[in-house]
Amino acid sequence: MHKILMIVCGLLILSGCDRHDPILPGTRTPIFETGTVSVLNKTITDVPSQPVVINNSECRYTQDASNVIWDGDRRIFSGFPTKNTVSNTPRPICSGKYIYAGLTTGEVIKLNPTTRQLVWIADIYRPSAMTGGSTMVDIVAPIVPHGKYVYAGGLGDAFCRVSAATGAKTWCLDIGVGVPFVIAGNYAFVVSVDQNLYAVELSTGTVYWRASVKKPVAPTYESGIISVGYEQFSVSTGKKIE
């Protein structure tokens, strides 16, 4: 019977396993509905001074390509292994007594590593990504816990704000994310797989502006300027600085 459940969910995960998953026990937050990214072309007036810096150097937990999380040689979580993934060295993010991890199956999990209790699961992909959109739904970019929320993006065309307490999503945008993003002040600066830089207001998910970039590499932030490789952009307007 157990083998049958494994096979069935292996098939269902390609179309998005629903709220109760025999592979990942517990209640999962609903997959958000498909939408489009609406850009306001609005100026940012409250320019942040510094980015949020997550120091994860003392987080001792590791994660392998089969979605297994380890505490040394002790297995504390086993996800569903997939073959269709990107080359990546995932690493859990420690935050207080919990850890957050992104899986190649398109979910973010919150885990108590001491008890091995899975607190919640949040799907970070659009439904269409499983039925002809993105061929992979890996959570590649590092997850960023900030305040009462966790920010995560995946290759399944999703960038989301998730409640750290419950796993419920406040908003999700149709932005595929494959590189680390920056959170500074009230905004997230996200480079998408379609080679655009987005300025996203954190409380509502509103996109203030969007700018085309030459390469989809991780952005950096300093003194009101967002750098993406050799290109620099004004945080206020998104205009490229020549």
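1. A salt bridge here is a side-chain nitrogen of Lys or Arg within 4 Å of a carboxyl oxygen of Asp or Glu. Aspartate 157 and arginine 126 make such a contact, with their closest N and O atoms 3.2 Å apart. The pair links distant parts of the chain, 31 residues apart: aspartate 157 is in the loop between E10 and strand E11 (158-163), and arginine 126 is in the loop between strand E8 (117-123) and strand E9 (144-146). Aspartate 157 and arginine 126 are both buried (under 20% relative accessible area; exposed is over 50% and partly exposed in between, with a 1.4 Å probe and protein chains only).

2. A word on the ground rules: this is a predicted model, in which local features need pLDDT of at least 70 and side-chain atom pairs count only at pLDDT 80 or more, while totals for chains, interfaces and linings use all residues. Residues are numbered from 1 along each chain as its sequence is written, and side-chain values use heavy atoms, with hydrogens and water left out. Strands (E, at least two residues) and helices (H or I, at least four) are DSSP runs numbered from the N terminus.

3. The salt bridges number five. One of them joins arginine 60 to aspartate 71, with 2.9 Å between the closest N and O atoms. Arginine 60 is exposed at 55% relative accessibility, whereas aspartate 71 is buried at 17%. Aspartate 71 also bridges to arginine 74, at 4.0 Å, and arginine 74 is partly exposed at 33%.

4. Now to the rings, where you will find eight aromatic pairs (Phe, Tyr or Trp, the last by its six-membered ring, with centres within 6.5 Å; planes under 30 degrees apart are stacked, over 60 edge-to-face, the rest tilted). Tyrosine 151 and tryptophan 171 form a tilted pair, 6.4 Å centre to centre with 45° between the planes. Tyrosine 151 lies in strand E10 (residues 149-154) and tryptophan 171 in strand E12 (residues 169-173), so the pair ties together parts 20 residues apart in sequence. Tyrosine 151 is buried at 1% relative accessibility, and tryptophan 171 is buried at 9%.

5. Do have a look at tyrosine 187 and tyrosine 208 too: their ring centres are 5.4 Å apart and their planes at 75°, so the pair is edge-to-face. Tyrosine 187 sits in strand E14 (residues 187-191) and tyrosine 208 in strand E16 (residues 207-212), 21 residues apart. Both tyrosine 187 and tyrosine 208 are buried. Ring pairs link Tyr187, Phe189, Tyr208, Trp209 and Tyr221 into a cluster.
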